[in-house]
Amino acid sequence: MRRRDFIGAGVLAGAAGLVAPVAGRAAEKLLVQVARPQNLATPLELLDRHIIPTQAFFVRSHFGPPALDMRRRLRIEGGKKPLELSLSDLKAFPEVTTVAVLQCAGNGRAFHSPRVPGVQWGHGAMGQASWTGVRLAHVLDKVGVGPEAAWVSLQGADLPPKPAVPPFVRGIPLTRALDPTTLIATKMNGEPLDLLHGAPMRLVTPGWTGDHWVKWLTRIGLHRDEPEGFYHRVGYRVPVKPVEPGAAVPPEETTTLTTFPVKSVIARPTEGQRIRRGTQEVTGVAFSGEVPIAEVEVSIDGGASWKVAVLEGRGGAGTWQVFRHRFEAGQAGRYVAVARASDARGAVQPERATWNPSGYLWNGWHRVTFEVQG
Amino acid sequence: MSAQLCLPWGCGGRPIALALLLGAAACRRQEPPPAADAGAAPSGDVQPPVREDEAPPLFPHELAAGRQAVNNDCLACHTEELLSQQRLTEGQWAKVVTKMRGWGSLLPEEDEARLVTYLAKRYGPRSPPFEPEKIDPPAALAAVEPKPEARFDGGNHTRGAEIYRQMCRTCHGAQGQGGLGTALADRPLLYRPTSFAEQVRTGRGKMPAYPQLTDADIAALLAYLRPLRPSS
């Protein structure tokens, strides 16, 4: 079923788009950034559609998945009374579905210069899906949040490979936890979560970087202070103020990640693609973590001149829209397509992203060189 | 069977550094370096001229030491792409290796510099771009989903506990939480018995092979391991 939808989506996009997507199975394959633990990237050519099929949706984890266990329970501690919930217990809460971008904080790390350690993602650590589950606020309401609680810790069942490796614990402020868009999701694209994407339950925090979307969620804690631990106090932090590329930044001058900035990526044409003369199209997706997209401008002359692209789909904070820019490829030769998004608050995608020591939040212009054949 | 006498920190009680000097071949077979390594290795000590846009060449002894450290001390927790996609300076690699030693890599301190040299030359800022392999989406999921095999079902828990105590617990921990070896508790591998049996019988990195374990032994081990939940 999912397989059929997946292939169908590719065919539909091919029919709609003028620059044909890369034919055959090659475009369906995930890119193996790391085989174990699995870190897999969505191919760029698929970033031309509203929803990325689950099977082709990127996979990120620090330690790899735990064993598949649909009876795994979620324990909520630190409230007025502890609570343990199974998948079926969640059915007592109202079900909500939202469409949102999931983007790894390190998406685009490979484009930062100087290079920094970490999984060297290109553009493939992002995707948009529909997420179905229950509001975290409803669950916390049942637990009873004390007046002193200000932070919520999140932990999955994925065990570090060795006890010396810190467990993956991330925190979000209580206000973010109570936001109606924050979900404990049990379904992705209408079907139960699969093991690679967090079965049986994961967190969904639209607009916030993927490290907060904790998979295989088994423990939620309510706290007065920000959580301790490597992945909150050392990892997933950025400098408070911009720094010189390559600079060392003291921990006290960093802050934990929250939302991702305005960004667009071109799916087609692909790098080096040869296309025919005539009416052609630059297509991709654009989004921002905090507010809707306002506009996407596209250049086919490397940034010398810009035209406003057509946006498709419903916009919103943390939701992507497909953009299309049709142009007449009248002359044979080499062209450079560039996309530049701006959001509803006036933030404009920069030519180069702000460098930071962990290579997070890349949102520089995407440039694609293609050739119009004579 | 030498495998039972050879524990990951050394053979017959000798310290790990000595075991490495003697060669891990004394403990278990050595994996030959991949073909790409052989191709990158200079044939002698005479080095080709270094170009600005090329990674610096590795001397044969640097290659051998680097491969041994990577195979033994990195690949237990992650595959090689996590190394080969990096483009880091020697200083950056030194920090990464120090961090990984703190995170349980068994790399002896005296081998740290050799590993850093290897990684910095092999995967430095001037190395060619990383080209990821591709995988069919169904195969990616299939690699971690349960894959039942009837002959490994219904193992004897008591026997599994005894085998684990004798052969596994020292490295993998009383609760399967890992230690010298990697964590076993609650891992997908426990529900993929054919892969589990193969790893146990052939070994991996510093882990010795246990070819003598029967299907019933493997089933018993799995019956013992599957319910383990380390306290964290």
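A cavity is a set of points on a 1 Å grid over the protein atoms alone where a 1.4 Å probe fits but cannot get out. This is a predicted model, in which local features need pLDDT of at least 70, side-chain atom pairs count only at pLDDT 80 or more, and totals for chains, interfaces and linings use all residues. Residues are numbered from 1 along each chain, chains are lettered from A, and side-chain values use heavy atoms.

**Exercise 1.** Describe the largest cavity and its lining.

Step 1. The volume, the space filled by probe spheres set on the points, is about 260 Å³.
Step 2. Lining residues have an atom within 4 Å of a point; there are 21 of them, and A:R60, A:R202, A:G210, A:W213 and A:K215 are the closest to the centre.
Step 3. The lining divides into 11 nonpolar, 5 polar and 5 charged residues.

**Exercise 2.** Find what A:I184 touches.

Step 1. Contact means heavy atoms within 4.5 Å.
Step 2. Leaving out residues up to four places away in sequence, the partners of A:I184 include A:L74, A:L90, A:V139, A:R202 and A:I220.

**Exercise 3.** Describe the interface of chain B with chain A.

Step 1. On chain B 48 residues are in contact with 46 residues of chain A.
Step 2. Buried area, the accessible area (1.4 Å probe) that two parts lose on being put together, summed over both, is about 3800 Å² here, and carbon and sulfur atoms give 58% of it.
Step 3. B:Q85, B:W103 and B:P137 supply 17% of the area that chain B buries against chain A, more than any other three residues.

How values were computed: On a 1 Å grid over the protein atoms alone, a cavity is a set of points where a 1.4 Å probe fits but cannot get out, and a pocket is an open set with protein on both sides within 12 Å along at least five of seven lines; lining residues have an atom within 4 Å of a point. Ala, Val, Leu, Ile, Met, Phe, Trp, Tyr, Cys and Pro count as nonpolar, Asp, Glu, Lys and Arg as charged, and the others, Gly among them, as polar.
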